[in-house]
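Work through the exercises below with the structure open. Try each task before you read its solution.

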Amino acid sequence: MNCLETRRLTLINPQDSHPARLVHLQECASCNRFARKLVAQDELIKEATKVDLPEGFAARILLNQSLQSASRRPTRWTWLGLAASFLLAIVFLPTLIEDSFYSPFETELVAHVSAHNVFSKNAHDHVTEPERIRQILASAGTEMPEDAGNIIYASTCVIDGDVMAHLLVENNEQQYVVFVMPQSAVAERSFSHADWAGQIARVNNRSIAVLNQTGAGLQPATTVFSEQFAQPLLTKRTI
Amino acid sequence: MVTVTKPEKHKKFENLVNAYSGWLHRYAYWISGNRTIADDLVQETYLRAWRFLDSLKEESAAKSWLTTILRRENARRFERKQFEYSDVELDSLPATQSDFDARPEVTALRIALKKLPATYREPLILQVLEGYTLEDIAEIMSLPRNTVATRLHRARQKLKHQLENDERISNELS
């Protein structure tokens, strides 16, 4: 391979592993210098093209997707699905009436909490970084509270298409599971289902669900957490 | 018994967001020239990806798939606005950027990259930052392999010439 061809291949890809090019680079000092310059230039390009990711960017994408899904217009299949559901509802009406003491939302929350089983391990295993907690709360449209020291576990979860913050929070030496739901129109109420007791409160156009297994201290804890997670997210741009 | 619906799709989507949103944002910035547009492009890309997530059969193809979607979203922007790629002006990166490399040679290269025509800059970014092969880039950009090779050749040649005019860079690289 001559110098011209070596340099042509090097300009296309300085890391090119063509055997004849590599041999030429070992024999020709000038082409070797040329190739090393381009390799160095590529390394500098990696530095020069760095762009800081906006704060909470991944969480915003997930939130945006969740909001988009929620506001999607019903399609022909949606209507067909609704019609099929209606027929099934008539067929299974007696069973549905029996199960209607618990709304699907409560049972889904409880099913999710049971699946995670966050109380089963040592709470200290679940301590998360403040930055991670902030991102998780941002995904639920909530600002990080000034005092977040009582949050001992946090994750983002998706329940029935809604992104929400799933927290384990301490209050008066008791642990509570807290869900912070952005723009959720869940009515305020108390519930009890499958060994779990819970309370849902509305705060600044969002809903907060607080659950524990004893039902003790739920009311005061819900009041505390409603204040703690009441601050809406201050984003730079509208999603 | 009630179960949580669509968990696998959501998990898959979340993984894609966590794994590739950084790369897509960087790529979007360097092809759109504007941080706000880059944000929007990535958001639109993921919304589209969510709608067609079932068509992604192999996880290993996810990055190229998302990159292609983003590229098409950017092309739609041009169709809507009726202006040419050559009109793109890269805005300045904020000085507050946490890992902003302010070395003179990096700054000079950043300026040189901004001056580079988008048709040359794009394949270079794909190759240098993500190690895409000529074939990968050809597929993403819907171009013949030889065209991609020519553009990469010219991109490096132009950059090299621009940088060699700056004595500091030349010293640094030699």
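**Exercise 1.** Decide whether Asn172(A) counts as buried or exposed in this predicted model.

*Solution.* Start with the cut-off: exposed means over 50% relative accessible area. Asn172(A) has a relative accessibility of 68%, so Asn172(A) counts as exposed. Now place the residue. Asn172(A) sits in the loop between strand E2 (162–171) and strand E3 (174–181) of chain A. Last, check the backbone. Phi of Asn172(A) is positive, about 50 degrees, although the residue is not a glycine. Most residues other than glycine have a negative phi.

**Exercise 2.** Find where Ser142(B) lies, and decide whether Ser142(B) is buried or exposed.

*Solution.* Look between helix H6 (134–141) and helix H7 (145–164) of chain B: the loop there holds Ser142(B). Its phi is near 55 degrees, a positive value in a residue other than glycine. Relative accessibility is 61% for Ser142(B), and over 50% means exposed, so Ser142(B) counts as exposed.

**Exercise 3.** Describe how helix H1 (residues 7–32) and helix H5 (residues 118–130) of chain B pack.

*Solution.* Take the angle and distance. The helices pack at about 155 degrees, with axes 10 Å apart. Angles over 145 degrees count as roughly antiparallel, and H1(B) and H5(B) are therefore roughly antiparallel to each other. Their crossing is right-handed. Next, list some contact residues. H1(B) contributes Trp23(B) and Arg26(B), among others, while H5(B) contributes residues including Glu122(B) and Leu126(B). Finally, sort the contact by class: seven nonpolar, no polar and four charged residues.

Key
Residues are numbered from 1 along each chain as its sequence is written. Chains are lettered from A and ligands numbered from 1 in the order in which they are written. This is a predicted model: local features need pLDDT of at least 70, side-chain atom pairs count only at pLDDT 80 or more; totals for chains, interfaces and linings use all residues. Side-chain values use heavy atoms; hydrogens and water are left out. Axes are lines fitted to C-alpha atoms, for helices over the stretch in contact, and angles run from 0 to 180 degrees between N-to-C directions. Helices (H or I, at least four residues) and strands (E, at least two) are DSSP runs, numbered from the N terminus. Angles under 35 degrees count as roughly parallel, over 145 as roughly antiparallel, 65 to 115 as roughly perpendicular and the rest as oblique. A crossing is left-handed if the near helix is turned anticlockwise from the far one by less than a right angle, and right-handed if clockwise. Contact means heavy atoms within 4.5 Å. Ala, Val, Leu, Ile, Met, Phe, Trp, Tyr, Cys and Pro count as nonpolar, Asp, Glu, Lys and Arg as charged, and the others, Gly among them, as polar. Buried means under 20% relative accessible area, exposed over 50%, partly exposed in between (1.4 Å probe, protein chains only).
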